[in-house]
Amino acid sequence: MKYIFIRILMIILTITAFSCSDGEDGIDGVDGTDGFNEGLEYLVFAGDITNDDAMQIVSENLGNKTHTVLVINTTNLTTLNLTGISTLIQLEVRDNENLQSLSLPDLELVVEDIEIYSNDALSNLSLENLGTANRLYVEDNEALTSINLDAITTANRLDFENNSSLETLSFPALTNLEILNIEELENLSNLDISNVEIAGTLSIEETMLSQINLPGLQTLSGIFIDDNESLQTINIPSVTNTPEDGTNVFVENNKNLTTVSLGTINTLDRLRIEDNENLTSFEANSVTTITDSFSLDNNPQLLTFALPNLVTCNSGLNVRRSNLTSISFDSLEIAGGVYFSENEDLGTVNLGSLSAASAIRFIENSELITLEFPNLTTTTEIRISDNQKLTTAQFDGLTTIDASITVSGNAVLESLSFSGLTTLGVPESRNSLTISNNPLISSLDFSNLITLNGGLSISGNGMLPSLSFPALTSIVANDTFTDARISSNNAITNIAFPNLEEVTGIRTFEIRENLLETVDLGNLLVFSALNIDTAMLLTTLNLSSVQDFSSMQLGSAGRLSTTAIDGILTRLVTITPAITGKNIRIRGEASTQGMTDAQTLRDNGNNVSLFN
C-alpha cells in the first residue's frame with residue numbers, strides 16, 4: 001500500500017513540475033525564461049538513427065517538459081548518453097540491434113517503469129544516481145556485463161531475467177524493496193543486497209551464486225531460491241518481522257547447497273525444502289508457527305532434522321524420500337496432515353506433543369521401529385503401511401477418528417493399540433477400519449471402540465490368535481457396496497463382538513477363518529446378510545438376540561456343532577412377530593428339535609436349508 005501511495009504522489013509532483021515549468025515568455029514550449037529549452041514531453045529514438053542523430057535530437061528536444069524516453073528498434077545507434085534528466089515518468093529501451101552503452105547519469109527518480117530488454121549488444125547500463133524506482137525490468141540483454149545502480153535506496157520491483165553475461169549485481173545503498181526477481185542469470189556470481197532491511201518477495205533462480213547472505217534483513221514476506229547450481233550457503237539471520245500469515249521460504253533444486261540458516265524467523269506461511277542433493281544442515285530453531293504447509297522432500301545428504309520450537313503447522317507436514325535417520329518436532333501440538341513416506345533410513349520420529357492432526361500417514365519408512373502418539377486425541381485418518389521394521393504402533397490417547405484407519409503390509413508389526421478410541425468414521429462418509437497383511441501381528445487393541453461408521457476388513461494377519469471388540473455396539477455405513485469382512489490367512493480361533501447390536505448399511509457381514517471355533521454375537525439384533533465359514537468345527541455361535549435380517553449363510557466347511565445349530569434355530573422360531581421371507585442355510589447335524597424348528601420356519605415362509 002505504501003508503494004502505491006508513493007507512486008501516486010510522485011506522479012502528481014512530476015506532472016505538476018512539468019506543467020509549471022514555463023517561464024514568463026514561454027509561448028511555444030521552446031523558449032522559456034532566459035531562453036531555456038523546455039523540450040518535448042516524449043523523446044523518441046527509433047529506426048536507423050546514428051549516434052550523431054541522437055545527439056542532435058537530445059540538443060534540440062530535451063528539456064524540463066521531457067517525461068518519457070523511448071529507445072526502440074534502432075539499428076545504427078551504439079551509444080546513448082542522456083545528461084540533464086533527473087526525473088522521468090517512463091524509460092523504455094528495447095530491441096536495439098547495436099546499442100552497446102546506455103547512460104543517464106543525472107537520473108534520480110522514475111515514477112513508472114524502466115524497461116531495458118532485448119538489446120543484443122548492450123554491455124553497459126549506467127543509472128548511477130537513480131535513488132528511487134517503481135519498477136525496473138532488465139531482461140534478455142545477452143551481452144550485458146555491467147550495471148551501475150549504486151545509488152538506489154528504494155524500489156517497488158526489480159526484475160533481472162535472462163542476461164546471460166552478467167556476473168555482478170550490486171545494490172550497496174538499497175535498504176527497502178518490495179520485489180526482487182533474479183532469473184536465468186547463468187553467470188551471476190556476485191550479488192550484493194547486504195544492506196536491505198525491508199523486503200517483500202525475493203526470488204533468485206538459475207544463477208552461479210555461491211552464497212546468499214542477508215545480514216541486515218529484518219522484514220521479509222517470501223524468499224524463493226531455486227536451481228542455483230553453485231549455491232552453497234543461505235544465511236538470513238535477523239528477520240523478526242513477517243506478515244500475519246508468515247514468510248514463504250522455498251529452497252529447491254540447488255545442487256551444491258549444504259547449509260541453510262533461517263536465524264530468528266518465527267512465523268512461516270509455507271516452508272518447502274526439496275531436491276537439494278548435498279544439503280547437510282538446516283536450522284530454523286526460532287520457528288513456532290507454520291500457517292500453511294511444510295515439505296521436506298528428497299534431500300539425500302540431510303541425516304537429521306528438527307524444528308524444536310514448532311507448535312503449530314496448520315496444513316500438511318510432509319517428509320518424503322529422505323535419508324534422515326531421525327527427525328524431531330518436540331513441541332508440535334497441532335498439525336494438518338502428518339505425512340512420512342519413502343524415508344529409507346528413518347528410525348526415530350518424535351511427535352510426542354502432538355494432540356490434534358487432520359491425518360496421520362506413515363508409508364514405506366524402511367527403518368522405522370516404533371510409532372507412539374501418547375497425546376494425540378483426534379485426527380481424521382490414519383494410514384500405517386509398508387514399514388518393514390515397524391514392530392509397535394500406539395495411539396492410546398486417541399478418542400475420535402473422523403475417517404478411516406488402514407494398517408497394512410507391515411512385515412514385522414506385532415502390536416497395534418487404539419485402546420482409547422471410541423468412535424471411528426462419520427455417518428455421511430465412506431470410511432473403514434482395515435487391518436491387513438501384517439503377518440506377525442499378535443496383539444490388536446480396540447477395547448473401547450463403541451461406534452464404527454464404515455466398513456471393516458481384517459485379513460492376512462497370520463499370527464493374530466483372536467479378535468475382540470468388547471465395547472462395539474454398532475457398525476453403520478451408508479454405502480450399499482460396503483462390507484464387514486474378517487477373512488483369510490488370520491490365525492483367529494475366537495471372535496467376540498459381545499455388545500454389537502446393529503450392522504446396518506453393510507452389504508455383507510462375512511467371517512471366513514480356517515481355524516475359527518467360537519463366535520460371540522450375543523447382542524446382535526439387526527443385520528442384512530451374515531456369512532460364516534471355517535475349516536474347523538464351529539462349536540459355539542451365539543446369535544441369541546437376533547431380530548431382523550435378510551440372509552444367514554452358515555455353510556461352514558467344518559460344519560457347526562449340533563448345539564450351535566439348535567441354539568440358532570431355537571432363537572429364530574421365538575422371534576416375535578414370526579419372521580418370514582428369510583434365507584437361512586446351515587451346514588451340520590441338527591437335533592430332532594432342531595429339525596422341527598427348521599420346518600416351522602419353512603412353514604412361516606422362510607427358505608431354510610440344513611445339510612451335512
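On the outward side of helix H2, Asp52, Met55 and Ser59 are exposed, where exposed means over 50% relative accessible area, buried under 20% and partly exposed in between (1.4 Å probe, protein chains only). Helices here are DSSP runs of H or I with at least four residues, strands are E runs of at least two, and both are numbered from the N terminus. The model is a predicted one, so local features need pLDDT of at least 70 and side-chain atom pairs count only at pLDDT 80 or more, while totals for chains, interfaces and linings use all residues. Residues are numbered from 1 along each chain as its sequence is written, and side-chain values use heavy atoms, with hydrogens and water left out.

Back to H2, which covers residues 51-61: Ala54, Ile57, Val58 and Asn61 are buried. Looking down the axis of H2, you'd find its buried residues within an arc of 100°, so they line one face of the helix; that arc is taken from the directions from the helix axis to the C-beta atoms. An α-helix has 3.6 residues a turn, so residues three or four places apart point the same way.

Now for the charges. The whole structure has 19 salt bridges, each being a side-chain nitrogen of Lys or Arg within 4 Å of a carboxyl oxygen of Asp or Glu. In one of them, glutamate 92 meets arginine 94 at 2.5 Å, N to O. Glutamate 92 is buried at 11% relative accessible area, and arginine 94 is partly exposed at 23%.

Another salt bridge ties lysine 582 to aspartate 548, with the closest N and O atoms 3.4 Å apart. This pair links distant parts of the chain, 34 residues apart: lysine 582 sits in the loop between helix H3 (562-573) and strand S54 (583-587), and aspartate 548 in the loop between strand S52 (540-542) and strand S53 (551-554). Lysine 582 is buried at 13%, while aspartate 548 is partly exposed at 38%. Elsewhere, salt bridges with shared partners join Asp483, Arg485, Arg507, Glu510, Arg512 and Asp533 into one network. Within that set, arginine 512 pairs with glutamate 510 at 3.1 Å between the closest N and O atoms.

Finally, Glu184, Glu186, Glu206, Asp227 and Glu229 form a negative surface patch. Patch residues have over 30% relative accessible area and no salt bridge, with like charges joined within 9 Å and nonpolar side chains (Val, Leu, Ile, Met, Phe, Trp, Tyr) within 5 Å. Glutamate 206 lies in strand S15, residues 198-207, and is partly exposed at 34%.

How values were computed
Areas by Shrake-Rupley, 256 points an atom, 1.4 Å probe, with all protein chains shown as cover. Lys, Arg positive; Asp, Glu negative; His and termini not counted. Charge placed at Lys NZ, Arg CZ, Asp CG, Glu CD.
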